[in-house]
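Hello,

Here is the structure we talked about passing on. Please open it alongside this message.

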Amino acid sequence: MNKINQPEKLFTKSAFKIALECPRKLYYYRNPDVYANADADDEFLQALAEGGFQVGELAKIYCEVPLENDVKEKDYAGSLARTQELMQQQHVNIAEAAFRFGNLFVRVDILRRDGHVIDLIEVKAKSWNPDVDKFEGTRPAGCVQSDIRPYVYDAAFQKYVVTQALRELYPGEQFTVRARLMMADKSKTTDINGLNQLFKIRKVGNRSEVVRADNIDQVLAKSHVQVLTAFDVDGLCDRVIAGTTTEQGKDGFMLNMKFLDYVDAMSKKYCDNESCTISLGSKCFKCQFQSNGSDGKKDGYKECWREVAKFTDKDFNEPLVKDLWAGYLGTKRDVWTKAGVYKMADITEKLLDRHNAKDTKPGLDHCERKWLQIAMATDNKDLLADYASDILDCGAYLDVEGLRQEMAKWKFPLHMIDFETTAVALPYYEGMRPYEQVAFQFSHHIIEKTTDGGYSIRHAGQYLNKDVAKFPNFEFVRALREALGHDEGTIFRYAPHENSILRAIYKQLEESNESDKQQLMDFIDEITHAKDKRTHKMLHQGKRDMVDLWDVVKRYFYEPREMGGSNSIKEVLPAVLNISQFLKDKYSKPIYGKEIPSQNISSAKPIAWITYDPTGHVENPYHLLPPVSSLLGIPIIDNDMLEKIGEDMTIANGGAALTAYNKLMFCDASMTDALREALLRYCELDTMAMVFIWEFFNDNV
């Protein structure tokens, strides 16, 4: 690979973070004008999803950093000069303090100097419960726990640079540098209502900034609880720097180097703008340096596979290990890829069991479901023979008999529900913990039996919290109870999210003073289940425990062209719409809103859910809705990122709604009629998608 000439750059903590992910990524990150980077444009959206900017701003207040001590200079020289000016004081608190040692450069989120004692505080919008979470792991003993490792290493890198820089700046003086990680403390509950709204985000060009509320000092002065805690990681950082934590030097981590050797090697490569040795693994599957070709930039992901796996353009189009459904695979895809098993056709029974002996439930177990995908993707006739009796003429798999037995257990009327929720670092409401869930919206469709033996469908109800200043969860459950409490019909969700949210609200109710909390808790108990987190043993199961349509799909249905390695409703919906002539005939007519009543679409202007692209393929119905992003002032091109956020937070199709609601929370925005309508129609389609799937099943059994 040829070296690309670029202006001199120093090895920053951002570059170090990239190097920990993958050394080759450094080269792609170093050359943003040449290589595509999907993470480069989502700063504002990620801020809305997590509340990270607000955490950083609140940390400055907790650590008593004066506004004038926030180093605003962007260039190396200016930030270093301003930092040294502030460091002339023996007692000073600084935000974004800059230090350089050789070709290493860091900006410390918060630095506190008390004489010759320096507290280095790295601020992260990550949740941490000191009663449960541990910094050190046991696999192997003495390692830095994997989920906190990038943050500890970040702090260690900064401690090393600051310590070395101080020795150069103040020869003969002895400084003690102590490392801290300040994170959202889940053991704390805020005593402030609207804490998050004290910090508003605004987008300035390609960057985002936080604006503090005018009354922030008065509000925080009344608070006795700090929801951010600076946890001591100093001793652990010393061990990281010394190279004695047990994850170092093995399993390919940091190229099997020790910390300082890796920092030295990566900083030289980065500053000289040279590419690094690479190896492939499951970490590559979600590489951010991929391009669809529209931006004219190179695809770093494909470069790596061409170099190591010797892939051609044809190979990229074959069924690959990375495309296999990942459920329950654990580290297997990583092991396979590192061993040179890149394609589904190369997976053997020695690598992947054909059956899961522990799974005695009807339908496909997760091993059989994976082999079904492999068989269909590779057109393996021997494998397909095991599934042949359940493969329809259209090429989809449908276990008709198994599905018929499953559906026989369901009791009419059938209720389809979907929730929209959010959870961010700074609690919205008094009494809440960081990252505690807020349920702000649901949709509800009902399928009822008719006297002629058929069925009817209607969008029966919905809920949307319009006033973001009010805690919605209990009112949300009251509205849901009213919607579902008139019969004993089966209730459906898609994926575990709805069950998890209701169990979380159950705990909130337990700690509340709501007059009807017992009735609401009883209702939640009736329609949910609870399992032991460690053993997965069922602790409670309600008599109307929701049926997971996602699990039904996994066990009885698969369509390879649309679904690939996913069971997300986003992929299942176009699968059933494209293979079902029944659904095409029915919904190509404008009946929705008239023959099928809707809460949001009038009978005077009914719509047809089925439309076709020029190739005759059914368009995704979500494309028929007004784009939420445009109503948020976000470019249309970011729509996919909205849904990516939703997927990362395990909320099916929830990214747009989550981002919209958080913008109302965090920005100077209001619930306009257009935005309210868009949110309601998106959520309505989520439950209508469940109806489509049920109708497809019902038509085929």
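Below are notes on the salt bridges and on one helix-helix contact.

Please keep in mind that this is a predicted model.

Salt bridges

Side chains of opposite charge can pair when their charged atoms come close. In this model the count comes to 45 salt bridges.

K17 and E21 form a salt bridge whose closest N and O atoms are 3.1 Å apart. Both residues lie in helix α1 (residues 13-21), and they are four residues apart, about one turn of the helix. K17 has a relative accessible area of 45%, so K17 is classed as partly exposed. E21, with a relative accessible area of 31%, is partly exposed as well.

R433 and E511 also meet through their side chains in a salt bridge, at 3.6 Å from N to O. R433 sits in the loop between β11 (414-422) and β12 (438-449), while E511 sits in the loop between α17 (497-510) and α18 (517-527), so this pair ties together parts that are 78 residues apart in sequence. R433 is partly exposed, at 27% relative accessibility. E511 counts as exposed because its relative accessibility is 56%, and the cut-off for exposed is over 50%.

A salt bridge at 3.6 Å (N to O) joins the side chains of R544 and D487. This pair links distant parts of the chain, 57 residues apart: R544 is in the loop between β16 (538-541) and β17 (547-548), and D487 is in the loop between α16 (473-484) and β14 (491-493). R544 has a relative accessible area of 7%; buried means under 20%, so R544 is buried.

Salt bridges with shared partners also connect K13, D109, E122, K124 and D154 in one network.

Helices α16 and α17

How do α16 and α17 pack, and at what angle? Their axes are 10 Å apart and the angle is about 120°. That makes α16 oblique to α17, because angles of 65 to 115 degrees count as roughly perpendicular and those over 145 as roughly antiparallel. The crossing of α16 past α17 is left-handed.

On the α16 side, the contact is made by N473, F474, F476, V477 and L480. From α17 come L502, I505, Q508 and L509. Sorted by class, this contact has seven nonpolar residues, two polar ones and no charged ones.

Regards

How values were computed
Residues numbered from 1 in each chain as written. Predicted model: local features only at pLDDT ≥ 70, side-chain atom pairs only at ≥ 80, totals over all residues. Heavy atoms only, no water. Salt bridge = Lys/Arg side-chain N within 4 Å of Asp/Glu carboxyl O. Helix = DSSP H or I, 4+ residues; strand = E, 2+ residues; numbered from the N terminus. Buried < 20%, exposed > 50% of the residue type's maximum accessible area, 1.4 Å probe, protein only. Axes fitted to C-alpha atoms, helices over the stretch in contact; angles between N-to-C directions. Parallel < 35°, antiparallel > 145°, perpendicular 65-115°, else oblique. Left-handed = near helix turned anticlockwise from the far one by under 90°. Contact = heavy atoms within 4.5 Å. Nonpolar A, V, L, I, M, F, W, Y, C, P; charged D, E, K, R; others polar.
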